[in-house]
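Subject: Handover of a structure

Dear colleague,

Please find the structure below for your own work.

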Amino acid sequence: MDIDCLPFKNTGYFSTLICDYLDQSEALKPFYNRFPSLNNFEAQIKEKAESFPQLHRDVLYDSIQKQYADTSVSKKTQDHIKQLKEPITFTVVTGHQLNLFTGPLYFLYKIVSTINLTQTLKKKYPKYNFVPIYWMATEDHDFDEINYFNFRGKKLQWNKNASGAVGHLDTEGLQEVFTAFANELGRTTNATVLKELFSKAYLNHETLTDATRFLANELFGDTGLVIVDGDDADLKQLLIPYAKRDIFEQVSYEKVSAAAADLGSVSKDYNIQVNPREINYFYLVKGIRERIVAVDNGYGLSDTPKFWSKSDLQKELEEFPERFSPNVIARPLYQEVILPNLCYIGGGGEIAYWLELKSMFKNMQVPFPILLLRNSVLAITTKQSEKLQKMEVSVQDLFLKQHSFINKKIRNISNIDIDFTPQKKLLETQFESMYALAEQTDASFLGAVKAQEIKQKQGLDHLEKRLLKAQKRKLKDHVVRMTEIQNQLFPGQSLQERNQNFSELYLELGENLIPTLLKALQPLQLEFAILKY
């Protein structure tokens, strides 16, 4: 196994905002607490230790014990759960939707990043305990985002009429998905393991929450990963004071709106990831997850006749906190309220919206966690690597958009020079004397000279494109081989990790897949990993 690395900004797949964050741009420093360097965790530990009450640890421990009641737990996970009661224990968290059979590959990379960071922290700060947490997004309601996964270019989809929180969904209908998946897998030893894993997860558990917990525990239980479901009445008791400030004082709306505006003013290239609502909570009951909204003289639910007076809504929140589901703005706060957390690990989009939240956290008097971009990986087989070497194609060139990738390579291997830049510069020099002549004789001819220069440059561009096209035809076989391997490694002209499911790598690596990733990925290295196996 060989590992190479590439700066995130050199891949072309990460936003200007994320690249500036990784470069520690001065303009972004007001939007986060501490940058993810190993030494910065010392102050983060101190801040969290001083603010996190023992009561929250006790509630967290009891809730997780109940959530794991029907799950076979490894000794390492059991120890981690017990350690959560101790004031010297802190967490590192990643979160993810309940995607069918984990969805895209980066599900694994998120969790591996989390596990590896806790191990790195333990070596640096041995007197503390560090627990890796996977936060299941059980309360999400966008079923269309999670009801499928891709396998060898095919979309395996769970067709179901669904509403409400996805974690509540029963697993009826997944037998058909299993059959389709099994037919594609083949009969190797690793294929048999995948079939059993899918079957045990989805055909032997009643809800999507239970199925996902089983699956994540099977894949990562031996590492000590602790899985948390925030859809929990006892945990939400701890959220009540913060939910009140969001709903009745609109603190989150005010602070996040201002922060988003400030962030947008830093650079026109920064796309605001999420916008807060006046109220950032849903009302959650069986089959329903609807936005709570302010209406005349009280509160209601969007698109329903439901109505509460202020006192009625306060009473319901206090008596039934499990019915109040935080949205994308409020969920990060909920996570930090109930966990002794130091760091959140997420993808580029997640880090982007977390950067809008710091002022809200400050107002709520909750420590803002360190934000770490998860590991990203391009996995290349030995056979693919050998093909790239024969074609003299660098891995970095693979990250180019396909048009640029082909054109660059054709220019490199062509037996004629298809770059008319020198001719264009010569043309510019010639026209400089013509501009001077026009100014000395009749300045009104300057426009005509400019038009002629543009026309001749366009002619050179056209000729360059025709010659390049001709060379592509001449080198057609080479182009076909190049595009074929790029399409394999960047399916749909996107990053491999955003498209492929882990099962494709598992067929190759089997039980060595997770250990290989655990060994290869260094979360604080802050670079894109190229894994050759």
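What percentage of the 533 residues of the chain count as buried? The share is 52%. Please bear in mind that this is a predicted model.

**Overall description**

The chain contains 24 helices and 15 strands. Its C-alpha trace spans about 85 × 60 × 50 Å along the principal axes. The accessible surface amounts to about 24600 Å², and carbon and sulfur atoms account for 47% of that area. As for contacts between residues at least 6 apart in sequence, 76% of them join residues at least 24 apart.

Five strands form an open sheet in the order 6-3-2-12-13, and their pairing is parallel. At the edges are strand 6 (226–229) and strand 13 (370–373), each of which pairs on one side only. On average, and with direction ignored, neighbouring strands of this sheet are turned by 30° against each other.

Within the sheet, strand 2 (residues 89–96) pairs with strand 3 (residues 129–136) in the parallel sense, over eight bridges. Thr-91 has Val-131 as its bridge partner in strand 3. Helix 4 (residues 75–83) lies across strand 2, strand 3 and strand 6, and runs at about 100° to strand 3.

**Two helix pairs**

In general, a pair of packed helices is described by the angle between the two axes and the distance between them. Two such pairs are reported here.

For helix 8 (residues 189–203) and helix 9 (residues 208–220), the axes come within 8 Å and cross at roughly 145°. Helix 8 contributes Leu-197, Lys-200, Ala-201 and Tyr-202 to the contact, while helix 9 contributes Leu-208, Ala-211, Phe-214, Leu-215, Glu-218 and Leu-219. Eight of these contact residues are nonpolar, none is polar and two are charged.

For helix 17 (residues 382–390) and helix 22 (residues 476–489), the axes come within 11 Å and cross at roughly 145°. The crossing of helix 17 with helix 22 is left-handed. On the side of helix 17, the contact is made by Gln-384, Lys-387 and Leu-388; on the side of helix 22, by Ile-485, Gln-488 and Leu-489. The residues of this contact comprise three nonpolar, two polar and one charged.

Methods:
Residues numbered from 1 in each chain as written. Predicted model: local features only at pLDDT ≥ 70, side-chain atom pairs only at ≥ 80, totals over all residues. Heavy atoms only, no water. Axes fitted to C-alpha atoms, helices over the stretch in contact; angles between N-to-C directions. Helix = DSSP H or I, 4+ residues; strand = E, 2+ residues; numbered from the N terminus. Contact = heavy atoms within 4.5 Å. Nonpolar A, V, L, I, M, F, W, Y, C, P; charged D, E, K, R; others polar. Pairing = 2+ DSSP bridges. Buried < 20%, exposed > 50% of the residue type's maximum accessible area, 1.4 Å probe, protein only. Areas by Shrake-Rupley, 256 points an atom, 1.4 Å probe, with all protein chains shown as cover. Left-handed = near helix turned anticlockwise from the far one by under 90°.
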